[in-house]
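Please read it beside the sequence and the structure.

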Amino acid sequence: MSSIRCIQLCKTFRQGDEIITGLDHVDIVVDKGEFVCLSGPSGSGKTTLLNAIGGLDTPDSGEIHMDGIRIDMLAKGPLADMRLHNIGFVFQAYNLIPVLTAQENVEFVMQVQGVAAAERAQKARDILKEVGLVGMEDRKPAQLSGGQQQRVAVARAIASQPKLVLADEPTANLDTVASSQLMNLFSELNQHHRVTFIIATHDKRVMAYAKRLIKMEDGKIISDEMQAPILDEN
Amino acid sequence: MSNVSILLAWRNLWRHKRRTWLTVGAMIFSNSLLVFSISLQFGSYEMMIDNTLQAFSGHIQLQHEQYLDDPKMRHNLPEIIATAQRLRDELKLENVGARAVGFALASSSDRSYGIQVLGVEPLFEGRVSSIPGLVHEGRYLEKDSYDEIVIGSTLARNLKIATGDELTFLGSGLDNSFAAGVVRVVGTFESGMPDLDRNLAQVSLNYFNDSFAMRGKGHSIAVRAGNIEAVAGLKASIEALLKNQSDLAVRHWEELQPGLKQAIQADMTSAWFMYLVLIILVAFSVLNTQLMSVLERTREFGTMMALGLKPSNLSRLVIAETFLMSSLGLLLGIAVGFVITWYLSVVGFYYPGMEEMAVKFNLPDRMYPEINPVSLLLGPCMVAFASLLASIYPATRLYRLLPVEAMRAV
Ligand SMILES: Nc1ncnc2c1ncn2[C@@H]1O[C@H](COP(=O)(O)OP(=O)(O)OP(=O)(O)O)[C@@H](O)[C@H]1O
Ligand SMILES: [Mg+2]
């Protein structure tokens, strides 16, 4: 069964008199357990597509099915629950909660999910360790570098054990070592826990990890190819 | 969500320390002012009631049912002394005194004044009225006093007489006969209430009975309860006891002293109007603070929604923030209010313009606020409640947020 199916998605934005195309008749099917990279020039519609799939924004026309449910038709409440329990987001601008520490930011979604305190604290510590932030648990976002904040955002997205991770430029601020550490983590989750990944990126190193590479331009999908991913070095 | 809200709400509160402290400060100010004012109200009303009723009217009076509206001599009760004694016996309460009232012209050798002559039971009058205790020259009436009189100090001055002098009075008795007599002034009293000091004279009920041809009748039986709260219950038991007696009415002090009740009500109305204004001002300051705080966090709220929080979670967060803020204002306000009010309840408090009230209701020239749980909590709780209400509007704005748009906000 396919996990995500988008049919003829269109989305335009209005900016004054100008009409900007976000998505132009996008058809895409992503199966459960896939590892997909979205690439394309700036403004090609990658973020717009991720937002639509994640139910953050409704398309002007078209359908989005997730596990057989039309999420573009869902009411706000059920849609929020669907995001809370199934989707992990890594936003392009991190969007951490400034008053919470790294540890608390990672725990936040789990807490809303109702995970017991001890369990989520342990899990948050483990994941922060995996993204290479040992010793930074008690820092607030303002006390972290861009790359560190980005890794906290990643930790937050995967801590809640989502079935689908939508990541928008997750390595934009990371050095080679940190970004391959992160991609190895993603690959591991993908292979061993069948977590579906859709990652928007400009980063060639990231694309190398993908089993499938989708290229976008002007809101359209211009190519969609399977590839042999580089394997986890460990 | 619950514990994340409290921690998060608490941290959010201190993102703008100064703004939060300003709002909390407004709460502390108004809460302590409310604690003080309400305590002062409690203190002064109680004093007003006590002092006014103590002086003369008592908490309850038994009267002929028409006497209150039409205080004529013929609106009287039979066997007044026996009835008073019966009340004392059955209620096991000594604070009961029978009275009769007449009007007369009082004359000394060179002057005459219209006075109110009150016949009292000398042994019991002191238990329903403070006047016997306020005799400042001579003495009060005694058990077997007969042709003796005690008069107000102003009256004594006006008549130019002193204790030991004689006074002639002329009035009309119950049967419209002349009521006349010569009595000796044994004492003068100073109640501090100008009307009483100028007009009132007291004789023994026996003497009054003979001079005014009352045949054992009288006009009222004054009763004093142990405290103001006991009045309603006492009134009910008196009514039950005397339910067979026709033409009898048992009057509550609110009926006897409508002016007192009106004065209290008028004062309460203006005080509550002021409190309301104060509470609304605080509520607006909370509204302003929370609205600003919600608007500037649009992006953050958008993120939280994207992560799967519902608008209801977010609005609960905003209300939790307000709750913490108003709890802080509540606790500190009560503490500050308590300290100030407690201090003033010990040393007393004076404000200009108080004299008029003081004279009218027989008050001392200093007020002593009375702190009790109600005066301590009522105002601050209403401020906290109004603050929570005021945060509803900012909280509902979150229901309009769309995650993507909110996340694009700066
Ligand atoms: N809310 C909006 N209002 C107006 N235009 C928008 C809005 N959101 C997106 N756009 C426009 O839609 C197009 C697609 O934007 P999108 O953010 O999806 O691009 P992207 O591929 O993610 O780009 P980047 O690589 O720079 O992140 C762009 O031209 C962008 O300017
Ligand atoms: Mg983008």
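## A buried asparagine and the basis of the model

Asn31(B) is buried, with a relative accessible area of 1%, where buried means under 20% relative accessible area, exposed over 50%, and partly exposed in between (1.4 Å probe, protein chains only). Asn31(B) belongs to helix α2 (residues 17-57) of chain B; helices (H or I, at least four residues) and strands (E, at least two) are DSSP runs, numbered from the N terminus. The side chain of Asn31(B) reaches the backbone oxygen of Gly329(B) at 3.0 Å. This is a polar contact, defined as a pair of N or O atoms within 3.5 Å; within protein, one must be able to donate a hydrogen and the other to accept it, and residues adjacent in sequence count only if both atoms are side-chain atoms.

The model is predicted, so local features need pLDDT of at least 70 and side-chain atom pairs count only at pLDDT 80 or more, whereas totals for chains, interfaces and linings use all residues. Residues are numbered from 1 along each chain as its sequence is written, chains are lettered from A and ligands numbered from 1 in the order in which they are written, and side-chain values use heavy atoms, with hydrogens and water left out.

Ligand 1 is surrounded by 14 residues, the closest being Ser42(A), Gly43(A), Lys46(A), Thr47(A) and Thr48(A); a residue is near a molecule if one of its heavy atoms lies within 4 Å of it. Because the surrounding residues come from chains A and B, the site is shared between chains. A backbone N or O atom of Gly43(A) lies 2.9 Å from an oxygen atom of ligand 1, a polar backbone atom of Ser44(A) is 3.2 Å from an oxygen atom of the ligand, and a polar side-chain atom of Gln92(A) lies 2.9 Å from an oxygen atom of ligand 1. Taken alone, ligand 1 exposes 630 Å², of which the protein buries 77%; accessible areas come from the Shrake-Rupley method with a 1.4 Å probe, and for residues only the protein chains shown count as cover.

Thr47(A) is partly exposed at 28% relative accessible area, and Gln92(A) is partly exposed at 42%.

## Charged pairs

Over all chains, a search of the whole structure finds 24 salt bridges, each a side-chain nitrogen of Lys or Arg within 4 Å of a carboxyl oxygen of Asp or Glu. In one of them, Arg11(B) pairs with Glu104(A), the closest N and O atoms being 2.5 Å apart. Arg11(B) lies in helix α1 (residues 2-13) of chain B and Glu104(A) in helix α3 of chain A, so the pair joins two chains. Arg11(B) is partly exposed at 22% relative accessibility, whereas Glu104(A) is buried at 19%.

Within chain B, Glu148(B) and Arg139(B) meet in a salt bridge of 2.8 Å, N to O, and the side chain of Glu148(B) also makes a polar contact with the side chain of Ser145(B) at 2.6 Å. Glu148(B) is buried at 11% relative accessibility, as is Ser145(B) at 6%, while Arg139(B) is partly exposed at 29%.

## A covered helix and the surface of chain B

Helix α11 (residues 298-307) of chain B is mostly covered, with nine of its 10 residues buried, among them Phe301(B), Met304(B) and Leu307(B). Just after α11(B), Gly308(B) takes a positive phi of about 120°.

Lys92(B), which is not a glycine, has a positive phi near 50° and is exposed at 73% relative accessible area. Most residues other than glycine have a negative phi. Lys160(B) also has a positive phi, about 60°, and is exposed at 53% relative accessibility.
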